[in-house]
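Hi,

Here is the structure I promised to pass on. Have a look at it first, then read my notes below.

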Amino acid sequence: MNLAYHKKYNNLNMKDYVYNVLKENIMNLTIKPGTILRKKEIASEFEVSRTPIREAFVKLKEEGLIDVYPQRGTFVSYIDLDKVKEAKFMREALETKIVKLACEVFPDEKIFDLEANLKVQEMSLQQNNYLKLFEYDNEFHKMLFEGCNMENIWTSIEQISSHLNRMRILSLSADFNRSDVIEDHQRIINTIRERDSKKALQVMESHISRIKFDQEKLKRDYPDYFAS
């Protein structure tokens, strides 16, 4: 299957290892939407019995990343634009609130952490590593919540964002708005440093709105990735 493996999963038990590797490959689009997943083939790939494969499938189905059809098989789910819309709505509602709060309570040392993260984003852009860029992009937004002592809210956002995140990765892989995303992040940092909550709200709203523009072009360019 030409799966990508990540060393950070090496210390996990086999059930969690299989689940995390499969999830990462689905999220990163190494396994394309619509791909059929055969337990026998995957068990051979991991050199395990089918038990951890079945357990991984249960979790992936719960997260909406695979669809199971009796008599037909198990398939990687297509990107569902209704679920993208739902996650985007949640992010817009909560991230505009968090950036306003950050202008009030964000510690100065945390601003330095955001700047350090932005430097790594810029390096990832220069290296044309869109997966790392996505990883540090996500980390940037997580840090906003952590700096406001609201990290559990970010966890809730991530739990419903699997379809949105796959679309974001597709967008970055197609080189849509990569530099614009980083410029937005710099403006967010500036507004927090200046404690300008009104401007911070405007910048965050503009940043999140890019997802809508990407969606229209991505569906035209990659119709086989999306649910009909």
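Which residues touch the most other members in the largest nonpolar core? They are Phe-106, Leu-114, Leu-144, Met-167, Ile-188, Ile-192 and Phe-226, out of 39 residues in that core. A nonpolar core here is a set of buried Ala, Val, Leu, Ile, Met, Phe, Trp, Tyr and Cys residues joined through side-chain atoms within 4.5 Å, and buried means under 20% relative accessible area (1.4 Å probe, protein chains only). Helix 4 (81-105) gives the largest share, seven residues. Helices are DSSP runs of H or I with at least four residues, and strands are E runs of at least two, numbered from the N terminus.

Before you go on: this is a predicted model, where local features need pLDDT of at least 70, side-chain atom pairs count only at pLDDT 80 or more, and totals for chains, interfaces and linings use all residues. Residues are numbered from 1 along each chain as its sequence is written, and side-chain values use heavy atoms, with hydrogens and water left out.

Now try Ile-188: leaving aside residues up to four places away in sequence, Ile-188 touches Val-99, Phe-140, Leu-144, Val-203, Met-204 and His-207 (contact means heavy atoms within 4.5 Å). Another core, of 22 residues, lies apart from the largest one and includes Leu-3 and Val-18.

There's an open sheet too, with three antiparallel strands in the order 1-3-2. Strand 1 (36-37) and strand 2 (66-69) are its edges. Strands pair if DSSP finds at least two bridges between them, and two bridges join strand 1 to strand 3 (residues 73-76). Leu-37 has Thr-74 as its bridge partner in strand 3.

Cheers

Notes: Buried means under 20% relative accessible area, exposed over 50%, partly exposed in between (1.4 Å probe, protein chains only).
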